[in-house]
Amino acid sequence: MNAADTKTIRGVKLRRDPARESCFTVVHIHKDMHDYADMSEVSMRQRLHRHMHNEMQNIEITAQSLVDFPDVPWELRMQLARQCWDEARHTALCYRRLQQLGGRKGEFPVMNYEWGVVCSLDSLSARLALQNRTFEAGEMDLFRELMSKWREVGDEETVQMLDGMLADEVQHVRFGNYWLKRMSKENPACLLKVIGALRFLAEVTSALAPEPNEVNAVGVNLTAFTHLDVFANVEDRRRAGFTEEELAEILRQEGFGPIDSQVLELQSKL
Amino acid sequence: MEPRTESLADVELRNDSSRPKYQVPSIQPMNESEILIAFQMSAAKIGAAGCWWAGCNNSPVEENT
């Protein structure tokens, strides 16, 4: 990437933002977002707006990979193209639900976080490792929690929408896992890119994390409220091609201590 | 110049016998699968940077007492 393609936020170099319609206000750090901690009407609209914009980014990241890596196998390009289609449909679904709840495009600031991170990487193996195997796998975990949150406020329509989108995400993670593992067998050197990508994400996460008592644009103290307790969605991760050993490592990171494959096997039968 | 025959471990032990014995670092080779297992990041860790995917909860952080 040349300098014109990058931006520097809190000391980390990220891919410059993609083009946006003039109705959108683009921000670069979390404290400038309008994240609310509750499920008030404005918060529900903001959550849908944010979700819509995240799906937009997923189209753009995937489409950019199709442009940047024209020589990868046709079957993989077809999977990426199908992913673009899915993400476009998800964007439209979120936008429709946002409008139904009285919201509008551009109502809240947006941030191109995933785009900035993933499109900074110069290999498809690294992008699959972050976009599909890390971000989208994380979304599978998060979706289950978000669905219960929407269910608590009686919005079954949004729950059903998220459920349908989750099914597509499983497929995106699955093909990402399949191709990443295949690429690493054929050319183990690509794993250096994967390792570099995960270290880069850790660096960005650390740089962008809120300072103690940092308050966002709508007055929410970003360190005074918890984030959802997101635990691995073991069932869907298994469907998406994660091995029992990979699941055990994710659960270990979530503080569950050593969990061996026998425990996971037992869990799958419950 | 005489060839060096004393190892770093010997020097360390000679200087301070009360210290734990020097352990030669070991290298654990990893295959492709093991690397993919080790280099993962959970949603909770990604979310540490902010309200990732609007994951804010409405529970105040419990203060340590």
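Two strands pair if DSSP finds at least two bridges between them. Helices (H or I, at least four residues) and strands (E, at least two) are DSSP runs, numbered from the N terminus.

## Basis of the model

This is a predicted model: local features need pLDDT of at least 70, side-chain atom pairs count only at pLDDT 80 or more, and totals for chains, interfaces and linings use all residues. Residues are numbered from 1 along each chain as its sequence is written, while chains are lettered from A and ligands numbered from 1 in the order in which they are written.

## The hairpin of chain A

Strand β1 (residues 6-9) of chain A pairs with strand β2 (residues 12-15) of chain A. The sense is antiparallel, over four bridges. Thr6(A) has Arg15(A) as its bridge partner in β2(A). Ile9(A) is partnered by Val12(A).

Which residue of this hairpin takes a positive phi? Arg10(A) does, near 45°. Two residues lie between the strands.

Two packed helices are described by the angle between their axes and the distance between the axes. Here axes are lines fitted to C-alpha atoms, for helices over the stretch in contact, and angles run from 0 to 180 degrees between N-to-C directions. Angles under 35 degrees count as roughly parallel, over 145 as roughly antiparallel, 65 to 115 as roughly perpendicular and the rest as oblique. A crossing is left-handed if the near helix is turned anticlockwise from the far one by less than a right angle, and right-handed if clockwise.

Take helix α1 (residues 41-68) of chain A and helix α2 (residues 74-100) of chain A. Their axes come within 8 Å and cross at roughly 160°. The two helices are therefore roughly antiparallel to each other. The crossing of α1(A) and α2(A) is left-handed. Their contact has 13 nonpolar, eight polar and five charged residues. In these classes, Ala, Val, Leu, Ile, Met, Phe, Trp, Tyr, Cys and Pro count as nonpolar, Asp, Glu, Lys and Arg as charged, and the others, Gly among them, as polar.

## Two partners of α4(A)

Helix α4 (residues 124-152) of chain A meets helix α6 (residues 190-208) of chain A with axes within 7 Å, crossing at roughly 50°. That makes α4(A) oblique to α6(A). This crossing is right-handed.

The axes of α4(A) and helix α5 (residues 156-186) of chain A come within 8 Å and cross at roughly 155°. That makes α4(A) roughly antiparallel to α5(A). The crossing of this pair is left-handed. The contact of α4(A) with α5(A) comprises 16 nonpolar, six polar and seven charged residues.

## Domains

Chain A is divided into domain 1 (3-230) and domain 2 (242-270). The bounds come from an automatic or database domain assignment. The C-alpha centres of the two domains lie 25 Å apart.

## Confidence

pLDDT is the predictor's confidence in each residue, from 0 to 100. Chain A averages 91, with 93% of the residues scoring at least 70. Its confidence is highest in α2(A), at 98, and lowest in helix α9 (residues 261-269) of chain A, at a mean of 55.

Chain B has a mean pLDDT of 73, and 52% of its residues reach 70 or more. In chain B, confidence is highest in helix α2 (residues 32-38) of chain B, at 93, and lowest in strand β1 (residues 56-60) of chain B, at a mean of 59. Where pLDDT is low, the predicted coordinates should not be read in detail. For the complex, the predictor gives an ipTM of 0.81 and a pTM of 0.85.
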